[in-house]
Amino acid sequence: MTRRYGRSRQPEYLRSSDLLGGLDAWERENSGDNEEQLARLRRNLKKARETELTAKQAEILHMYYDLGMSVPRIAQEKGLHKSTVSRTLARGRERLKRYLQYSW
């Protein structure tokens with residue numbers, strides 16, 4: 001039987017040990033003290049939560065992340081539908097992401 005498109009070739013891949021060795025070397029080379037970056041990110045996150053979010057977004061993000069409340073519980077306490085709480089969380093996260101992407 002002849003092959004229509006010629007001989008099939010197996011792609012050449014790196015062995016996982018080669019890849020992991022390279023990753024380890026990269027991490028050693030690029031892992032420095034990032035405490036200053038983290039401090040800047042924390043400051044900017046606090047500022048973003050105060051200035052960039054709507055009052056509703058800020059309150060729901062606070063309940064979810066700071067108080068550890070679940071979406072159904074927040075919905076029940078606020079008298080909202082669960083999907084409204086989920087959408088508000090998603091929109092708040094997106095606003096924070098857009099603001100904080102330039103923090104690094």
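This is a predicted model: local features need pLDDT of at least 70, side-chain atom pairs count only at pLDDT 80 or more; totals for chains, interfaces and linings use all residues.
1. Where does Gln-57 sit? It is found in helix α3. Setting aside neighbours within four places in sequence, Gln-57 is in contact with Thr-88, Arg-91, Gly-92 and Arg-95.

2. Those partners lead us to the packing of α3 (residues 55–66) against α5 (residues 82–100): the helix axes are 9 Å apart and meet at an angle of about 100°. The two helices are therefore roughly perpendicular to each other. On the α3 side, the contact is made by Lys-56, Gln-57, Ile-60, Leu-61, Tyr-64 and Tyr-65. From α5 come, among them, Thr-84, Val-85, Leu-89 and Leu-96. Sorted by type, the residues of this contact are 7 nonpolar, 4 polar and 4 charged.

3. Now for α5 itself. This helix has 19 residues and reaches 27 Å from first C-alpha to last, close to the 27 Å expected at 1.5 Å a residue.

4. Which residues of α5 are buried? They are Thr-84, Val-85, Thr-88, Leu-89, Gly-92, Leu-96 and Leu-100. Looking down the axis of α5, you'll see its buried residues fall within an arc of 135°, so they line one face of the helix. Over on the other side of α5, Arg-91 and Lys-97 are exposed.

5. And what covers the buried residues of α5? The cover includes α2 (35–51), α3 and α4 (71–78).

Notes:
Residues are numbered from 1 along each chain as its sequence is written. Side-chain values use heavy atoms; hydrogens and water are left out. Axes are lines fitted to C-alpha atoms, for helices over the stretch in contact, and angles run from 0 to 180 degrees between N-to-C directions. Helices (H or I, at least four residues) and strands (E, at least two) are DSSP runs, numbered from the N terminus. Angles under 35 degrees count as roughly parallel, over 145 as roughly antiparallel, 65 to 115 as roughly perpendicular and the rest as oblique. Contact means heavy atoms within 4.5 Å. Ala, Val, Leu, Ile, Met, Phe, Trp, Tyr, Cys and Pro count as nonpolar, Asp, Glu, Lys and Arg as charged, and the others, Gly among them, as polar. The expected span of a helix is 1.5 Å times one less than its number of residues. Buried means under 20% relative accessible area, exposed over 50%, partly exposed in between (1.4 Å probe, protein chains only). The arc is that of the directions from the helix axis to the C-beta atoms.
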